[in-house]
Amino acid sequence: MKRFALLCLGLLVACATGTSNQRPPPAELPAAWKESAPRFAEDGRWWRIYDDAVLDGLVDESLASNADLAIAAARVDEARALVGEAESAFWPTVDARGGASRQQLSRRTPTSFPGVPTRFTDYRATLNVSYEVDIFGRLRAGARAARAELQADEAARDAVRLALAAQVSQSYFGLRALDERVELTRETVRLRENALGLQKKRFDGGVISEFEYRQIEAEVAAARAQLPPLERDREREEAALALLLGRSPRQIFEAQIDIKKAYEEAPTAPVLPAGVPSELLLRRADLVEAERRLAAANARIDQARAEMFPSIVLTGAVGSESGALSNLFTGPAGLWNIGLALTQPIFAGGRLQARTDAAKARERAAVAQYTKAIQSAFSETRTALAAQTRSRESYEAETARAEALRQTLRLARLRYDNGIASQLDVLDAERGLLAARSARIEALRAHRAAIADLFRALGG
């Protein structure tokens, strides 16, 4: 009989300690990157590739003050504390208890005897120890899950840090692009106002018709009308950047952000990912987070399954008990006890099985989330590589277009001054040049934003 009981216990332990080993699903990965370029970056502070000291300072400020990053860091601290709580179950629990009571027993019970006091006082002080023997791995599984969740939260914090640096870089270059477009539009307005003043004199002198004069006047008004939307967009971008930097409400509302004033810059050399595509799985923080969430879900299944098996708790106490407080710590008042408690769930209305089923469902969701994260990673990487290449091509095309339109404008003015062309030809050339220069500024901003997106897609 004793051997049979030991055999049954061994089978229970074997069943309970068989951990669920769900591994991340295999993914079909590309063998090489689709786009290529002569330069790549591996430094963790990837934004230095822009070679902009002002941007470096703004990114450092955001990493020190941004609220989203502070929230992510607090979640890491919470997860670390939960790991400590889970691992504390591996140690005995020791506590001290003291109590005093006074009671009266009934005199109408079979255990009451004449002359035996039925009213008395009791004082008790004990040191108690309890320890759960984790034979079936419930506590170990819980600690495993807590450690995996801590690692997932650390990866989530790193993802927030990377996304923040990318957002600050993109917002900064967006603000610079708007500044340049505002300055370009103001310069156009000044030139057209000067031309309008000159044409006003010619109109007053009867050299040009009112029709030609009103055309120039309308072009000046059209150039002025472009300024308010650009200045509105600049205010919006500056407020968004101030929020990313974690500045105070007063600074967000009132203060201006100092940015680099440099116009007519060219794109930097293209960036090429280092290594092969499979290494992306090790670099991206969101993939690490998804994999660690999956590991935590696996451990939670083991924890839920172990709750169906017996729990064994060892207990012990040592102390004193006396009817008089003055005798509480004397030798005859001493007491001790030691015990073992085994609890085996028999019927819980399906609650334990439901917990296991829920843990398995969460694991399936974690597998799907991991697969989706891989798909998103390569989709974002491909998009960012293509955007970097295409935006550079757009910049080069718009540069060539702007240069051609400069020559067109010069020739149109010569033809107009010599009476060969009309004022409408000059205005068309001016509009085309303004549009080309604005498009080139936007292409440069898009190229810089694509570089930030690429580093974000590659995990920094």
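By class, which residues make up the lining of the largest cavity? The lining has 5 nonpolar, no polar and 5 charged residues, where Ala, Val, Leu, Ile, Met, Phe, Trp, Tyr, Cys and Pro count as nonpolar, Asp, Glu, Lys and Arg as charged, and the others, Gly among them, as polar. Please keep in mind that this is a predicted model, in which local features need pLDDT of at least 70 and side-chain atom pairs count only at pLDDT 80 or more, while totals for chains, interfaces and linings use all residues. Residues are numbered from 1 along each chain as its sequence is written, and side-chain values use heavy atoms, with hydrogens and water left out.

**The chain as a whole**

- The protein chain holds 10 helices and 4 strands; these are DSSP runs numbered from the N terminus, with at least four residues (H or I) for a helix and at least two (E) for a strand.
- Starting at the N terminus, the elements follow the order α-α-α-β-β-α-α-α-α-α-β-β-α-α.
- Of the 460 residues in the protein chain, 36% are buried (buried means under 20% relative accessible area, exposed over 50%, partly exposed in between, with a 1.4 Å probe and protein chains only).

**The sheet**

- Strands of a sheet pair through backbone hydrogen bonds, either parallel or antiparallel.
- Here, 4 strands form an open sheet in the order β1-β2-β3-β4, and the pairing is antiparallel; two strands pair if DSSP finds at least two bridges between them.
- β1 (93–104) and β4 (334–343) stand at the edges with a single partner strand each, so one side of each has no neighbour in the sheet.
- From one strand to the next, the twist averages 25°.
- β1 and β2 are joined by 12 bridges; in β2, T93 has S130 opposite, and G98 has A125 as its bridge partner.
- A125 also stands opposite S320 in β3.
- Between β2 (residues 119–133) and β3 (residues 311–322) there are 11 bridges, and Y131 has L314 in β3 as its bridge partner.
- β1 is hardly covered: among its 12 residues, the count of buried ones is 0.

- How do α4 (residues 138–204) and α10 (residues 423–457) pack, and at what angle? Their axes lie 8 Å apart at an angle of about 170°, where axes are lines fitted to C-alpha atoms, for helices over the stretch in contact, and angles run from 0 to 180 degrees between N-to-C directions.
- α4 and α10 are therefore roughly antiparallel to each other (angles over 145 degrees count as roughly antiparallel).
- The contact of α4 with α10 has 11 nonpolar, 8 polar and 12 charged residues.
- The structure holds 1 cavity of 30 Å³ or more; on a 1 Å grid over the protein atoms alone, a cavity is a set of points where a 1.4 Å probe fits but cannot get out, and lining residues have an atom within 4 Å of a point.
- The largest cavity has about 80 Å³ of space, and its lining includes F173, E180, A262 and R448.
- α4 and α10 each supply at least two residues of that lining.

**A residue to look up**

- D51 is found in the loop between α1 (2–16) and α2 (53–65).
- Most residues other than glycine have a negative phi.
- D51 has a positive phi of about 55°, although it is not a glycine.
- Is D51 buried or exposed? D51 is exposed, with a relative accessible area of 67%.

Terms used
Parallel < 35°, antiparallel > 145°, perpendicular 65-115°, else oblique. 1 Å grid on protein atoms, 1.4 Å probe; cavity = no way out; pocket = protein on both sides within 12 Å on 5 of 7 lines; lining within 4 Å. Points joined across faces, edges and corners; volume = space filled by probe spheres on them.
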